[in-house]
Amino acid sequence: MPLIVGMSVLLGCQFLGQILVHELQLHVPGPVVGMVVLLIGLMINGRVPEGLRTSGEGLLRYLTLLFVPAGVGIMVHFDLIKADFWPITVTLVVSTALTLAVTAKVMSWLTRSMPRDPHDEWREERP
Amino acid sequence: MSMPVPALDQLWVYLSASPLLHLLVTFVAFMGASYFNRLLGGTPLLHPVVLTVALIIGFLTLTDTDYATYFEGAQFIHFLLGPATVALAIPLYDYRERVWRMLVPILLSCVAGIVTSVTSAVGVAMLMGASRETVLTLAPKSVTSPIAMGIAEKLGGIPSLAAGLVLITGSIGCALGPVIFRLVRVRDPSVQGFTMGVAAHGFGTAYSFSSIGAVAGAFAGLAMGLTGLLTAFILPPLVHLFGL
């Protein structure tokens, strides 16, 4: 039963999120607003209920799988991509690399004086 | 040997009409890709999702199946993206004190990331001679797909192509992330996770959870949501600066 309670909480928040997006004409997806709704709920509640944690963390563990159906959709756009192949490829690689470097550098510079958490997992990336 | 070809044909027609087949294909391809990725020592260069997608596209091409038919089965997996996005509030709640403490750096680096992402995408694409439509479609590439589609549509890009490019950006981000972090010597998992969320949305978030850790995952989820929200406001005037 806790799993079902957890899943209902997640779907309920998403539902509330969809309603808010529709009513307030927000340009944000319903689930993102649902995430904010759940966060506020957890802050009021003061802890994460067992069932919610089980179902939520279960979903997050397989987050990559959930992107597969949308990813396969790229097959519909092969012609469009072929038409502008090099501009698209170079832009994506260069711009993504720059975004990663700038964001990481700016954030680590801004947080340089903050105390480090001893509980951090300082796991090095695998070679 | 005894099975005549027409019967097999009919069996195929029967199977491919039910959502079961493509749901199963998705799971099996994912398992195969994850296994193969582990064999290669978990290399970020061949993201399991990219390999899964490639395997499935190969299967669909071989069996002459269109995307709509595939999606009838796969939609059950796709549906779970909604509750999974909501569930990102849980790690965020777990690390709320840390997020609160880092609030100013978080907001500033998010804006820095968005400005870099949009200006470099538009700039490089224009230099490379991409069409106006392609440039506008590339601009929101680092934002989670539903938001990117909305932005592309408003600007005059192609929404469905924007969704596809967002996914490619996500996998490029996962491949480049570890390399860039080593180059700029950033080791803090909260910074790494946040950066992955800004540059590679949901893919970066999933990568952070699976390859860096829970703190990184929480910050990546936060970054993904924040980038989506802020880009919707920052992007149109930025693109305007390029005269588009």
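## A tour of two chains

Start with helices α12(B) and α13(B): these two are oblique to each other. Here, angles under 35 degrees count as roughly parallel, over 145 as roughly antiparallel, 65 to 115 as roughly perpendicular, and the rest as oblique. A helix is a DSSP run of H or I with at least four residues, a strand is a run of E with at least two, and both are numbered from the N terminus.

This is a predicted model, in which local features need pLDDT of at least 70, side-chain atom pairs count only at pLDDT 80 or more, and totals for chains, interfaces and linings use all residues. Residues are numbered from 1 along each chain as its sequence is written, while chains are lettered from A and ligands numbered from 1 in the order in which they are written.

**Stop 1: the helix pair**

Select residues 189–212 of chain B for α12 and 214–241 of chain B for α13. They pack at an angle of about 140°, with their axes 6 Å apart. Axes are lines fitted to C-alpha atoms, for helices over the stretch in contact, and angles run from 0 to 180 degrees between N-to-C directions. The crossing of α12(B) and α13(B) is left-handed: the near helix is turned anticlockwise from the far one by less than a right angle (clockwise would be right-handed). Their contact holds 14 nonpolar, 12 polar and no charged residues. Ala, Val, Leu, Ile, Met, Phe, Trp, Tyr, Cys and Pro count as nonpolar, Asp, Glu, Lys and Arg as charged, and the others, Gly among them, as polar.

**Stop 2: the domains of chain B**

Color 5–79 of chain B as domain 1 and 86–241 as domain 2. The bounds come from an automatic or database domain assignment. The C-alpha centres of these two domains of chain B lie 28 Å apart. Domain 1 of chain B gives 5 residues to the contact and domain 2 of chain B gives 6. Two residues are in contact if their C-beta atoms, placed from the backbone, lie within 7 Å. On the domain 1 side, 4 are nonpolar, 1 is polar and none is charged.

**Stop 3: where the chains meet**

Show both chains. 96 residues of chain B are in contact with 70 residues of chain A. Which helix of chain B gives the largest share of its side? Select α11, residues 159–183 of chain B: it supplies 15 residues. The chain B side has 60 nonpolar, 31 polar and 5 charged residues.

**Stop 4: chain A**

Chain A has 7 helices and 0 strands. Its domain 1 spans 1–65 and its domain 2 spans 74–111. The C-alpha centres of the two domains of chain A are 30 Å apart.
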